[in-house]
Amino acid sequence: MSKKRPGGESLPSAPSTATGTSPDHEVPAATPAPDPKRWWALAFIALAQLMVILDGTVVNIALPSAQRALGMSDADRQWVITAYTLAFGGLLLLGGRIADLVGRKRTFVIGLAGFAAASALGGAAAGPGMLFAARALQGAFAAVLAPSALSLLATTFTDPKERARAFGVYGALAGGGSAVGLIVGGLLTEYLNWRWSLYVNVPIALAALLGAPAFLRDRSGRRSGHLDVPGALLGCGGLVALVYGFSEAEPRGWSSPSVLTPLVAGVVLLAAFVWWQSRAASPLLPLRIVRDRVRAGSLATMGLATIGMFGVFLFLTYYLQVVLGYPPVRTGLAFVPISAGIVIGATQIAARLLPRTAPRTLMSSGMVLAAAGMVLLSSVTVHAQYVTHVLPALLLLGLGMGLTFMPVYATATAGVPAQDAGVASAVLNTVQQMGASLGTVLLNTIATGATGRYLHSHVRGPDADGATLDQGMVHGFSVAYRCSAGVLLLAALVAGLTVWHRTPKHAGHDAPA
């Protein structure tokens, strides 16, 4: 049997379909039967993803209490956050390739167990060094867990409608987990103590560990070959150097040798990494993954979106607590609308529209909505009311993030060969993590500089009163929000110009292990 193209060329009638712009999107003719336990698998994958994303912010509100309890200096307290982001962002590519080589289900379980143990260690910390080490261990195990979870999801759900629903849930957690972390951190800090912001991961991880062996079904990837050690050293070293350089920019200034040296080293190492990946026999990151235009556009959209979005959590936390005087719990609850918007945008709008709507339409629309929310936030004052000034902006931001993240996750992982599923998921997680780190640092630097210039021009005496300080802080936030809006509009443009095809009818299939 054959059918004709419009121009008369014969085509085989086998169910093999092209789903993208490169050979990466080809799928085999035989489509495996759906896993009957796939929705239970989604529950445990989502639980692990929520824990990883939540942990990026749950400690933020608890940090002042932890600093007082452990006697940390102001200069050292940043390492509670930086130790996690350094290990997580720097080791993600390595974790993704390990998942492909030894099995995604196995690395998922190892990541869960290690994350739980590191969280318990951090909660029991007797001093700053012990807490820093525990946070670094959390980041290392998260770098194993996160790509395993996403690649398991990508290979479990292959039907287009089910895939859209599954990635809707995953996208909602990926976008909303940071806001949920602020809520949980506020509740735990105010009603228990700061240690529970780490202990809370233990029961979550144990619940996922109980269900993972029974409900997760791994699919065969590449279980032969060897780990690309030079690639791991170059790639991980470059990412760690960049994250470290960005983290030191705020306290030391961009012209400091402590900032410039790791940034230059990071760029050189990553350039060497790309060169090596084009020549290695078993590359850590097969360049075919990022050469596909649609996938590259999705990754760029995610990177720009996180650069523009993640500063909002830092700035709003300070605005609500310092300027408006909110206690920790009220501050955390103030972020509920953004979480609700993400869930609605990802699961009720994007997941329903994606099977019949071009991904670029959802991504671009989401980024335009988020940019509008940033513009609204840029108009807040020291006397602004939450309901009339902040709430509408948070709803727009949440809807925009939900509309964007869900199709990005679905499109960037679609059609990836089974042997590359883990590393492709790691690339997406790396882009998100690096975007969040870079965005927070850059936007905080912009806000701090704008605040300093405002105070310099408005303070006539040696000291500024509290009202002037608050006005200067809010002015700095407003400038940063306008810059964020510009970055989000750029993300909308990138998505519109690069992500041209519709969602594939089938994801990359592979055989059961």
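Start by selecting Ser-298, Thr-301, Ala-305, Gly-308 and Met-309 in helix α12; these meet Met-363, Met-367, Ala-370 and Met-374 in helix α16. By class, this contact of α12 with α16 has 6 nonpolar and 3 polar residues, and no charged ones. Keep in mind that the model is predicted.

Helix α12 covers residues 293-309, and helix α16 covers residues 359-377. Their axes lie 12 Å apart, at an angle of about 10 degrees. Angles under 35 degrees count as roughly parallel, so α12 is roughly parallel to α16.

**Thr-306**

Stay in α12 and pick Thr-306. Is this residue buried or exposed? Thr-306 is buried, because its relative accessible area is 0% and the cut-off for buried is under 20%. Which residues does Thr-306 touch, leaving out those up to four places away in sequence? Select Phe-405, Val-431, Gln-432, Gly-435 and Ala-436.

**Phe-315**

Move on to helix α13, residues 311-323, and select Phe-315. Phe-315 is buried, with a relative accessible area of 1%. Not counting residues up to four places away in sequence, Phe-315 touches Leu-443, Asn-444, Ala-447, Phe-477, Ala-480 and Tyr-481. Ser-478 is 163 residues from Phe-315 along the chain, yet their C-alpha atoms are separated by 9.6 Å.

**The nonpolar cores**

Which residues have the most contacts inside the largest nonpolar core? Select Leu-316, Tyr-319, Leu-377 and Leu-397. This core has 115 residues. Helix α17, residues 386-412, gives the most to the core, with 13 residues.

Center on Leu-397. Leaving aside neighbours within four places in sequence, Leu-397 is in contact with Met-309, Val-312, Ile-338, Ala-370, Gly-373, Met-374 and Leu-377. Met-309, Ala-370 and Met-374 are also among the residues where α12 meets α16.

Then go to a second, separate core. This one has 14 residues, including Leu-63, Ala-66, Leu-70 and Leu-198.

**The whole chain**

Zoom out and color by secondary structure. The protein chain comes to 19 helices and 2 strands. Of its 513 residues, 56% are buried. Switch to a surface view: the chain exposes about 19800 Å², with carbon and sulfur atoms supplying 67% of that area.

Take the contacts between residues at least 6 apart in sequence: 84% of them join residues at least 24 apart.

Definitions and conventions: Residues numbered from 1 in each chain as written. Predicted model: local features only at pLDDT ≥ 70, side-chain atom pairs only at ≥ 80, totals over all residues. Heavy atoms only, no water. Axes fitted to C-alpha atoms, helices over the stretch in contact; angles between N-to-C directions. Helix = DSSP H or I, 4+ residues; strand = E, 2+ residues; numbered from the N terminus. Parallel < 35°, antiparallel > 145°, perpendicular 65-115°, else oblique. Contact = heavy atoms within 4.5 Å. Nonpolar A, V, L, I, M, F, W, Y, C, P; charged D, E, K, R; others polar. Core = buried A, V, L, I, M, F, W, Y, C linked by side-chain atoms within 4.5 Å. Buried < 20%, exposed > 50% of the residue type's maximum accessible area, 1.4 Å probe, protein only. Areas by Shrake-Rupley, 256 points an atom, 1.4 Å probe, with all protein chains shown as cover.
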